[in-house]
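Student: I have a new structure open and would like to learn how to read it. Could we go through a few features together?

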Amino acid sequence: MFQLTKDQIQQYHDEGFLILRGVVGEQTRREVQTAFSRAVDQQAREWKAKGLIKETYPNLPFDKRYAALREQFPATMSNSWRRILVSPELFRVWQDPALIGIARSLLGDELFASGIWNGRPRAPGQNKQTIDWHQDAHYVPGYQPGEG
């Protein structure tokens with residue numbers, strides 16, 4: 001199981017972030033890309049069916065397609081993917097031993113992951129989707145305010 005060093009934990013607490021390279025394996029990255037490619041394809045088909053775009057760009061590479069779609073339909077509102085991202089690939093990310101090890105190093109052994117998955121894709125130069133800090137604990141079954 002992956003575990004952060006004392007120095008890494010201290011750096012996280014001192015600086016508020018930690019950059020760890022090479023933690024997520026190639027297979028996991030490919031699976032996440034597959035899930036997001038499928039979401040972009042679904043979004044493209046929905047926008048085309050609604051007449052919001054003319055071209056879906058099915059042959060553009062992963063790293064270019066969403067930006068090309070947003071050029072036709074500029075961001076004037078928040079775009080939030082919820083159920084569109086629920087997939088076996090992203091479920092496996094939640095079970096990645098290295099990621100769990102990092103979380104356990106910072107939070108302790110008792111972890112709970114919410115089943116609410118949101119993706120908020122952004123187009124290049126888009127600043128329309130600022131998400132203020134907020135609390136989602138009320139989604140957790142049995143949560144009582146004030147319980148920490």
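Predicted model: local features only at pLDDT ≥ 70, side-chain atom pairs only at ≥ 80, totals over all residues.

The dialogue below takes up salt bridges, a core and a helix in turn.

Student: Let me start with charged side chains. How many salt bridges does the structure hold?

Tutor: A salt bridge is a side-chain nitrogen of Lys or Arg within 4 Å of a carboxyl oxygen of Asp or Glu. The structure holds 8 of them. One of these joins the side chains of R65 and D41, at 3.0 Å from N to O. That pair links distant parts of the chain, since R65 is in helix α3 and D41 in helix α2, 24 residues apart.

Student: How is a helix defined here, and is R65 buried or exposed?

Tutor: Helices are DSSP runs of H or I with at least four residues, numbered from the N terminus. For accessibility, buried means under 20% relative accessible area, exposed over 50%, and partly exposed in between, using a 1.4 Å probe and protein chains only. R65 counts as buried because its relative accessibility is 8%.

Student: Which residues does R65 contact?

Tutor: Contact means heavy atoms within 4.5 Å. Leaving aside neighbours within four places in sequence, R65 is in contact with V40, D41, A44, T56, Y57, P58 and L60.

Student: Y57 is in that list. Where does Y57 lie?

Tutor: Y57 lies in the loop between α2 and α3. Its phi is positive, about 50 degrees, although Y57 is not a glycine. With a relative accessible area of 29%, Y57 is partly exposed.

Student: Now for the inside. Which residues touch the most other members of the largest nonpolar core?

Tutor: A nonpolar core is a set of buried Ala, Val, Leu, Ile, Met, Phe, Trp, Tyr and Cys residues joined through side-chain atoms within 4.5 Å. The largest has 13 residues, and W47, L69 and W81 touch the most other members. Helix α2 (26-49) and α3 each supply at least two residues of this core, and α2 gives the most, with 5 residues. As for L69, not counting residues up to four places away in sequence, L69 touches V40, A44, W47, I53, E55, T56 and Y57.

Student: Let me try another helix. Which residues of α5 are buried?

Tutor: In α5 (residues 97-107), the buried residues are A98, G101, I102 and S105. They lie on the same side of α5 because they cover an arc of only 100 degrees around the axis; the arc is that of the directions from the helix axis to the C-beta atoms. What covers these buried residues includes α1 (6-15).

Student: What follows α5?

Tutor: G108 follows α5, and its phi is positive, near 100 degrees.

Student: And what does L106 touch?

Tutor: L106 has its place in helix α5. Not counting residues up to four places away in sequence, L106 touches L4, I9 and Y12. L106 and Y12 are 94 residues apart in sequence, yet 8.7 Å apart in space, C-alpha to C-alpha.

Terms used:
Residues numbered from 1 in each chain as written. Heavy atoms only, no water.
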